[in-house]
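What does this model contain, and how far can each part of it be trusted?

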Amino acid sequence: RTRDFLASLHFRESVQSEGCWSSKLLFLKYTVQALLNGSRVVMNLPNLLTLSRIVMCVIFVALLSVPQGYAKWQQRAWEVGYVLAVLAGFTDFLDGYYARKLNLVTEFGKFLDPLSDKIFAVAGFVVLTDKGIIPCWITVVVLSREFLVQGLRQMASGHGKIIPVSYLGKVKTTVQMLCLAIGGAMMVDWVPVDLWGSRILWDSFLGLTVGITIYTCTQYLRGASDIILKDM
């Protein structure tokens, strides 16, 4: 790569001495090719999908935050925001699938994927709490767990240790996304909440979400217990 770039510089000197416009165009083409050959493409398909999830989070929060006073288009905005939130959740499956299938696992993707999951969870639970769908204390439990685990990972990184995402951690993410999907459907009146038994099922699912959230948190605490005790 360095040899190609130095060759382009040598070619530039000869072009400047000759002053030929066609030769200058050839020099420009040669230089661009040399730079491209020395570059690394970081923004692959899985990373683009992960970034799109963050962007969609911002948009669906804005749409779901339209107040009820705007009766003319509030319901449609909520429905579009809900569909966008479902698509954002689906990208969490797609980015991991394509990263493994196409062998495009990068350090940037390993950092961005769990971060985007946390942004999605924070956005979804805060919106549904604001609409009265999810109790405030459940959102506090979920967000506290996310911040705590992120802090543990930073502590472990400072000690040269990596805390990987556990299998139950992935199950927890799936359960939370299902919880947000059902709660969002209730918000836009796509799922009736007044039918007999529906409230019991919803409360049971909320209990499952809280249970697996707390349990996976204790798993991470046990895994990082040696680092915590060392720093205390």
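The protein chain has an average pLDDT of 80, and 78% of the residues reach a score of at least 70, where pLDDT is the predictor's confidence in each residue, on a scale from 0 to 100. This is a predicted model, in which local features need a pLDDT of at least 70 and side-chain atom pairs count only at pLDDT 80 or more, while totals for chains, interfaces and linings use all residues. Residues are numbered from 1 along each chain as its sequence is written, and side-chain values use heavy atoms, with hydrogens and water left out.

**Confidence along the chain**

- Within the protein chain, the mean confidence is lowest in helix α1 (residues 2-18), at 45, and highest in helix α3 (residues 45-64), where it is 93.

**Overall make-up**

- The protein chain holds nine helices and zero strands, where helices (H or I, at least four residues) and strands (E, at least two) are DSSP runs numbered from the N terminus.
- Of the 232 residues in the protein chain, 37% count as buried; buried means under 20% relative accessible area, exposed means over 50%, and partly exposed lies in between, with a 1.4 Å probe and protein chains only.
- When contacts between residues at least 6 apart in sequence are considered, 74% of them in the protein chain join residues at least 24 apart.

**Salt bridges around Arg53**

- The count of salt bridges comes to 10, with a salt bridge defined as a side-chain nitrogen of Lys or Arg within 4 Å of a carboxyl oxygen of Asp or Glu.
- One of them joins the side chains of Asp95 and Arg53, at 3.1 Å from N to O; Asp95 lies in helix α4 (residues 74-101) and Arg53 in helix α3, so this pair ties together parts that are 42 residues apart in sequence.
- Are these two residues buried or exposed? Asp95 is buried, at a relative accessible area of 3%, and Arg53 is likewise buried, at 0% relative accessibility.
- Arg53 also meets Asp113 in a salt bridge, with 2.8 Å from N to O; since Asp113 belongs to helix α5 (residues 107-130) and Arg53 to helix α3, the pair ties together parts that are 60 residues apart in sequence.
- Asp113 is partly exposed, with a relative accessible area of 24%.
- A further salt bridge links Asp117 with Arg53, their closest N and O atoms being 3.3 Å apart, and this pair connects distant parts of the chain, with Asp117 in helix α5 and Arg53 in helix α3, 64 residues apart.
- Asp117 is buried, with a relative accessible area of 14%, and salt bridges that share partners join Arg53, Asp92, Asp95, Asp113 and Asp117 into one network.

**How helix α4 packs**

- Two packed helices are described by the angle between their axes and the distance between the axes; here the axes are lines fitted to C-alpha atoms, for helices over the stretch in contact, and angles between N-to-C directions run from 0 to 180 degrees.
- The axes of α4 and helix α7 (residues 167-187) are 10 Å apart, at an angle of about 170°, which makes α4 roughly antiparallel to α7; angles under 35 degrees count as roughly parallel, over 145 as roughly antiparallel, 65 to 115 as roughly perpendicular and the rest as oblique.
- Trp78, Tyr82, Gly89 and Asp92 in α4 meet residues of α7, including Thr173, Met177 and Ala181.
- The axes of α4 and α5 come within 11 Å and cross at roughly 160°, and these two helices are therefore roughly antiparallel to each other.
- Where α4 meets α5, the α4 residues are Ala85, Ala88, Gly89, Asp92 and Asp95, and the α5 residues are Asp113, Asp117 and Phe120.

**The loop between α3 and α4**

- Ser65 lies in the loop between α3 and α4 and counts as partly exposed, at 42% relative accessibility.
- Although Ser65 and Asp130 are 65 residues apart along the chain, their C-alpha atoms are separated by 8.9 Å.

Terms used:
Contact means heavy atoms within 4.5 Å.
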